[in-house]
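Welcome! Please take a look at it first.

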Amino acid sequence: MDLAFSAEDDEFRDEVRTWLAENTPSERRPREGQAMRDYDLAWQRLQYDGGWAGISWPVEFGGRGLALTQQLIWFEEYARTGMRGIDARFVGLSHAGPTLIARATEEQRAFHLPKILRGDVVWCQGFSEPEAGSDLASLRTRAVVDGDELVVTGQKIWTSFADVADYQELLVRTDTEVPKHKGITWVICDMRSPGIDVRPIKTMEGGTDFCEVFYDEVRIPLANVVGVIDNGWSVAMSTLSFERGTAFTVDQVQLSSTVERLIEIARQRGLLDDDEIVRAFAQARADVAALRALTYVGISRNRRAPVPGPEGSIIKLHWADLSKRIARLAVEIVGPRSLALTDDDDGRWADRYLASFAHSIGGGTSEIQRNIIAERVLALPR
Amino acid sequence: MDLLPSSEQEEIISSAAQFLAATVPMLRTRELIDAPSNVDPKAWSSAAELGWFALGLPEDAAGVGCGLADETLVFREIGRALASGPFLSTTLAARVAAFGGDAELAAAAARGQRVALGLLGADASIDSASGAIDGDVQLVDAVDADLVLVAGPDVASLVAVGDLEGVESVECIDPTTRLSRATASRVRPVVSVSADVDPVYRRGVVLAAASLTGIAEATRDISAAHAASRFQFDRPIGVNQAIKHPCADMAVRAELAWAQTLFAALATDERRQDAEFHAIGAKVVAADAAERNAAATIQVLGGMGFTFEHDANLYIKRAHVLAHAFGDTRDALSRLIRLPAAV
């Protein structure tokens, strides 16, 4: 066991740090719509041109084929720039891309993976439905085979970035006669297909990149099925375990700098004389340190067994609880000025506080993560 | 960077677990509750022969030359097994003697000469220059011990029990631990070492965290086994989320405690500038994990959990003893906030 990075890794870190210092966009990211999409994709293109796209993706699929440790270094340095961990590129780079690498055909990979890495396209995820949330496998959006096409009718919900997406990883019901996990298919949906209607859902923090998507006899070529028809559940599960593995690293690392900034603010405002505040921040320091240590353990495990296991749920659950607690602590420190949703330092903490309520819901609720941990790590009965 | 044990380290873990299960299983530890000493002499001397008290000592001080990370593997198993006796203070005493220049005493401690752990009272103090102690002190596992280890963040001392006044044994909250009280009037140490020479206190913090992690893991496993096998209303109680989710939370706390303890041990071994930060973080997280997992286990077990017959109560009692070793959580948090941020 050791914590030290190799000389090669240190050199890599220097390279990353230098490149990010010179290339990170200085303009503020637009909050929504086409302007946001253009901003995120231009940033991806810049990374691609700099040779930083798909650091741990295999070389044959356009990646750099580097070790997970170097992916971690990239995430750590990226986090220090203050850029968002999750933006319109997230599903393509952290969900759909890894799933296509694991499960798609040569043709599908050759068509889609370069576009994702170059920043040509935005992907979104079509999993949840109004009647299929935590019980995802009960999804009802129906797909019927007609010649060499699937005809899809139904509704998806909680689809981030659907309003600006080109493609969607879509789960549909292709067999209604078998147990619910068995009749599901994972298919690539072109978001410009006729019959698709995207409607934004305004969230409690005011964002509009959250959407519901309606499908009215949308025709999707059978060639877009990933894996085989009716076997989509296993394909979807590989996507979800990627999400719970390393995809949240940037947010985790940023929690640490958030805590340090808040301690500085508390110090400036004379709040570090308050025992309760001191205890809360010191506890947050310890908890954030442990989260990082657990991320390192997870990466060490992934190196020996490449597909992330249910341990990813432990990281996700702890991050959700901790980031919500810290966001709440932030508005306490800021005091009454946190009531104003102004575009300044104090107001942005309020924004982050409101956004934090999603942390224990998105990507699988904390209740579902606890079920996964109890059943798959501790072998408790279902 | 690699936080998984190597195959040699896996060997340390499994041989320590097997050794403890064979020599001091819980039945034996319970027998020792009513014995004059809580130490099983055969287990203790075998542990000394295995080199447990010299594991982290440098080879030029007649030690095994392993790192603090290797020591955490052993202390995690000691915590998990609830083995009783002054393992922690004897191990660290060998270091104080070795780095303080008393090779003979170092060798004696490494051979298993028992050294108690001293807990300073709220008004007591240790002089950071001379290592002298003053005020009331509680002695943990002082049966058969002539010396007591008293450590603060700046200095660690070995003090002769004979130099203390009014030594009086009292019943400990943990029946597998022996406790006594005494007073020190400016007692100079037999030998002491400054934290600049060797951070003994910090090593104690990390090793206590390792044993606390062992407790957090053991209680998690007791709860999970009970939740899966105890039937009520014709189903295992573990199907209910009111049981299942607290078990999941135990797993989260145990994983975090172990990850941070390893991180802290390696940070000390590699002399990172933020080693102190991580050590305190480990103790905070592990003490919380041990106490809360043990408490939740008592609840999951229901009436059985409240009996003396079930072991759950022994885990929470030991967790409280360890939580006070090398600074309690209150003290740890007030130190942690004053340190520079982790690197």
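A nonpolar core is a set of buried Ala, Val, Leu, Ile, Met, Phe, Trp, Tyr and Cys residues joined through C-beta atoms within 7 Å. A residue is buried if 20 or more other C-beta atoms lie within 10 Å of its own, exposed if 12 or fewer, and partly exposed in between, with C-beta atoms placed from the backbone. This is a predicted model, in which local features need pLDDT of at least 70 and side-chain atom pairs count only at pLDDT 80 or more, while totals for chains, interfaces and linings use all residues. Residues are numbered from 1 along each chain as its sequence is written, and chains are lettered from A and ligands numbered from 1 in the order in which they are written.

**Nonpolar cores**

- The largest nonpolar core has 181 residues, and B:V96, B:L149 and B:L212 touch the most other members.
- Helix 8 of chain B gives the most to this core, with 17 residues; helices (H or I, at least four residues) and strands (E, at least two) are DSSP runs, numbered from the N terminus.
- Another core, of 45 residues, lies apart from it and includes A:A88, A:F127, A:L170 and A:I188.

**Where the chains meet**

- In chain B, 39 residues are in contact with 37 residues of chain A (C-beta atoms, placed from the backbone, within 7 Å).
- Helix 7 (200-229), helix 8 (241-269), helix 9 (275-301) and helix 11 (329-336) of chain B each give two or more residues to the side that touches chain A.
- Helix 8 of chain B provides the largest share of that side, 14 residues.
- By class, the side of chain B that touches chain A has 27 nonpolar, eight polar and four charged residues; Ala, Val, Leu, Ile, Met, Phe, Trp, Tyr, Cys and Pro count as nonpolar, Asp, Glu, Lys and Arg as charged, and the others, Gly among them, as polar.

**Two residues with positive phi**

- A:A379 is not a glycine, yet has a positive phi of about 60 degrees.
- You can find A:A379 in the segment after helix 11 (366-377) of chain A, where A:A379 is exposed, with 12 other C-beta atoms within 10 Å.
- B:F233, also a residue other than glycine, has a positive phi near 55 degrees.
- B:F233 sits in the loop between strand 9 (231-232) and strand 10 (235-236) of chain B, and B:F233 is exposed, with 8 other C-beta atoms within 10 Å.

Terms used: Two residues are in contact if their C-beta atoms, placed from the backbone, lie within 7 Å.
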